[in-house]
Amino acid sequence: MIRLPDPKPEVLARREEIVSALRRAVPGEGGVISEPLRLKPYETDGLSAYRQPPLAVALPASTEEVAAVLRVCHSIGVRVVPRGAGTSLSGGALPLEDAVVVGLMRMNRVLEVDFDDRLAVVEAGVTNLAITREVEGEGFFYAPDPSSQLACMIGGNVNMNSGGAHCLKYGVTANNLLGLKAVTVEGEVFEVGGKHLDAAGYDWLGLLTGSEGQLAVITEVTVRILRGPEGARAMLAAFKSNEIAGQAVDAIIGSGIIPVALEFMDRPAIHACEAFANAGYPLDAEAMLIIEVEGSVAEQDMLLGRIKEICERFDPISLKVAETAEQSLAIWKGRKGAFGAVGRISPDYLCMDGTIPTGELPHVLRRIGEMSAEYGLQVANIFHAGDGNLHPLIMFDANDPTSFGKAEAFGADILKLCVEVGGCLTGEHGVGVEKRDLMGVQFTAGELGIQRAVKSAFDPGWLLNPAKVFPLEGNAALGPAPASVPHPAAA
Amino acid sequence: MSGATVAPASEEELAEAVADAARNGQPLTVEGNGTKRAMLRPVQAARTLSTRNLTGITLYKPQELILSARAGTPLPEIEAALAERGQHIIAEPPEPGPLFGAREPATLGGVVATNLSGPRRISAGAMRDHVMGIRAVTGTGEVFRNGGRVLKNVTGLDLCKLLSGSHGTLGVLTEVTLKVLPAPERSATVALRVLDLPAGVRALSAGLGSPYGVSGAALVPDDGGRGPLALLRIEDFAESVAYRAGRLRDELAGMGEASLVADVDESRGLWRRVRDAEPLGAEPGDAVWRVSVRPTAGPAVARAVRAAGLARLLFDWGGGLVWIAGPPTAEAHAAVVAAARTEGGAFTLFRAPDSLRAAVSVLPEEPGPLAAIVRRVKAALDPAGVLNPGRMRAGA
Ligand SMILES: Cc1cc2nc3c(=O)[nH]c(=O)nc-3n(C[C@H](O)[C@H](O)[C@H](O)COP(=O)(O)OP(=O)(O)OC[C@H]3O[C@@H](n4cnc5c(N)ncnc54)[C@H](O)[C@@H]3O)c2cc1C
């Protein structure tokens, strides 16, 4: 279990006073939540094994109100946990007992759309998909497309630097931003970037992106919007082993083709998705690729033809090139439902998120298979093959008190393996609480010290989303004594 | 300003040299080959620390789209290694020769530390977008890594971005890992003779708003006395380029007199000149500014600086990057700064004689509430203030 810092008794003791001050900062109906029952929906995020109701929830409706909330918290020394939709898979939005959750969901207005300058200015609580919905009438879209895009919010995307199935071509969140409006821990509003590219000076925009709520609370985001391609089509290629599928991926990229998406599923993932979606996936395959290309119909034909030719060199079990948009959707259907599919086999699972050098895939999958046997836990692997981002889904049984601990240990072993082969702990889900204590596997104490110093420069008192990202050890700001959230199953 | 130069042959020696400088409170000018010495402000330091002896590609995995090299590696060496495998540096950084009169090539570290990107910035990202990992030395001589050697990585704070474009003031880069991509097989350019600058930017916006994947969008204000010329580039496989460039030309034909540069060498040559700002026509004694604004504000910037007598201009990035050249005077600088501010953008005094660049702000001020944070970040990474003092801002 992951340890959380001790609550500050002096903050808990002043709860009433803090809540009234918050109500003055966010006046009006629905601005502040403090009744225990109504705090429940905020006690966890996408890493639902961890639960902790906060001291209170503030739901500001404007940047000014966010600033007012932060001034209240700062003046009393209250910890703050920023929150978007709460879909973080790493426990990034997990509350602390003595913290105020600052939820951005009421800040959900699209403020400006400009097709000539190809940008949109939106509040932090606008969902990822809502941006695309706003501009698709003109043929535009917002490129990063996490699978959670219906729910997750742009402020959360910025703070996690989220990716998606199409980031091989279009990049992750960081590559699609122009500017931010944000509030410092002291409650001062500032802007970085703007409506132009590459603001001169230090790249605060780049530093704030992926900072997991450690540096500031983001209230507005200026994103780039792109004109969509003429069309897109997918194909499916199934192979006899992970090695062979990996070689096919290398050969495709080596030929100079960068598909918009290049997804890899191993045998357990294929079976889970097929049982769920009836997408027509080959059940005799060890590994399967979904490859998508874009352009006019003739260009799609040309690219898919070349990719098919390459795949044919690797003794495929089956190759299926979509002829129509419907067939494309059918190919994607299984993959898009992967989480639900695994959820049907096992209601409880952990979604891991390491990245590896793509050449290490066969070795890493072999090791994961061995560990799966050692731990006695099933795992299905979904992989953004073009960029090396691996998502093992570890299945466990929350009713078995030992199962969750085993799943966590298995996950940690996978992530250590990712680092060992030259990769990293997290490709797109963030460190959060989940991988916090593994940071020492990837970074030296000195390297972490430098990152901590940058955090301290923004947040000297460590009030912003503390106990996430950085190990607690040696961190005076987070108090010495251990405390932990009991896992419901273990309690 | 140059004084004695040390050019350590290893990261360890370089770290020692920085640690020494910090202990003795001796500021250092940090550079690679020094090709961009004339950029931003002159550094106040008696000694120079160069990365030029830290050379060599340390890792290249074409199938993984990853290349690492020591910071002092000359860019042409990297380009050549990539070209052998049909790949390239995505952000298309300009060469320092035409812009700075440098005879030596730029180094990888220098290009990353200045975050210099060329025309492909508009479609494929800036230099900093492709920095996947760094090794660097802090102002106290501590070696650290950030990022890694994989394409997707959100582990911890992204100091790769913070150090890219920090002009050597927060750390000395010793090694950089880049994302690279296959170099497009073909390039073609649609050229459009337009009535005036706003019409030119409208054409660029239309092209960038088309589904044809425009990868460069520039505007030459006066093409040999024949008025403004808008340029739109398509890069991809031969079949795609032929198809899309044709479609683009047809769709933009109503916006000006359209022609197609289908010859790949001619098209590439054209964009090399745009990349190196040759159509700007900067005179040797000129100051050169770069102003970045929202693309549709480009013409307004042009009007404002022309009114102040700055006539030499070039637009890239769909109209949003305005190159300006003219007399290196405080008045000219003030006009550029005012134009950038009015349009809500940013300016860089890119190149100027010491007298001007030492006297003015060469970059916009940091946003007010960040001032204390900036000081603390600098103090965290370079507490003794020995790395390129004064390079970005006076007294910092
Ligand atoms: C089914 C499912 C599928 C997913 N698929 C993907 C995927 O394909 N790719 C991917 O990258 N991720 C994916 N995720 C993870 C998650 O959706 C992303 O991390 C997302 O960006 C989180 O957004 P959110 O609004 O839910 O943020 P939250 O979970 O509320 O918060 C995320 C983090 O950001 C901080 N934060 C949120 N808003 C702000 C703000 N305004 N200012 C400062 N800090 C803030 C929080 O403190 C927290 O640390 C998936 C999650 C689920 C449940």
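1. Start at strand 10 of chain A, where Arg224(A) is the bridge partner of Leu119(A). Strand 10 covers residues 217-224 and pairs with strand 6 in the antiparallel sense, over five bridges. Strands here are DSSP runs (E, at least two residues), numbered from the N terminus. Two strands pair if DSSP finds at least two bridges between them.

2. This is a predicted model: local features need pLDDT of at least 70, side-chain atom pairs count only at pLDDT 80 or more, and totals for chains, interfaces and linings use all residues. Residues are numbered from 1 along each chain as its sequence is written, and chains are lettered from A and ligands numbered from 1 in the order in which they are written.

3. Strand 6 of chain A also pairs with strand 5 (residues 110-114), antiparallel, over four bridges. There, Val121(A) is the bridge partner of Glu112(A). Four residues lie between the two strands of this hairpin, and Arg118(A) takes a positive phi near 55°.

4. Why is strand 6 of chain A largely enclosed by the rest of the structure? Four of its five residues (119-123) are buried. Buried means that 20 or more other C-beta atoms, placed from the backbone, lie within 10 Å of a residue's own.

5. Chain A has three assigned stretches: domain 1 (110-227), domain 2 (232-338) and domain 3 (346-437). The bounds come from an automatic or database domain assignment. The centres of domains 1 and 3 of chain A, over C-alpha atoms, are 28 Å apart.

6. Confidence: pLDDT (the predictor's confidence in each residue, from 0 to 100) averages 94 over chain A. Residues 480-491 of chain A stay under 50.

Notes
Contact = placed C-beta atoms within 7 Å. Buried ≥ 20, exposed ≤ 12 C-beta atoms within 10 Å, placed from the backbone.
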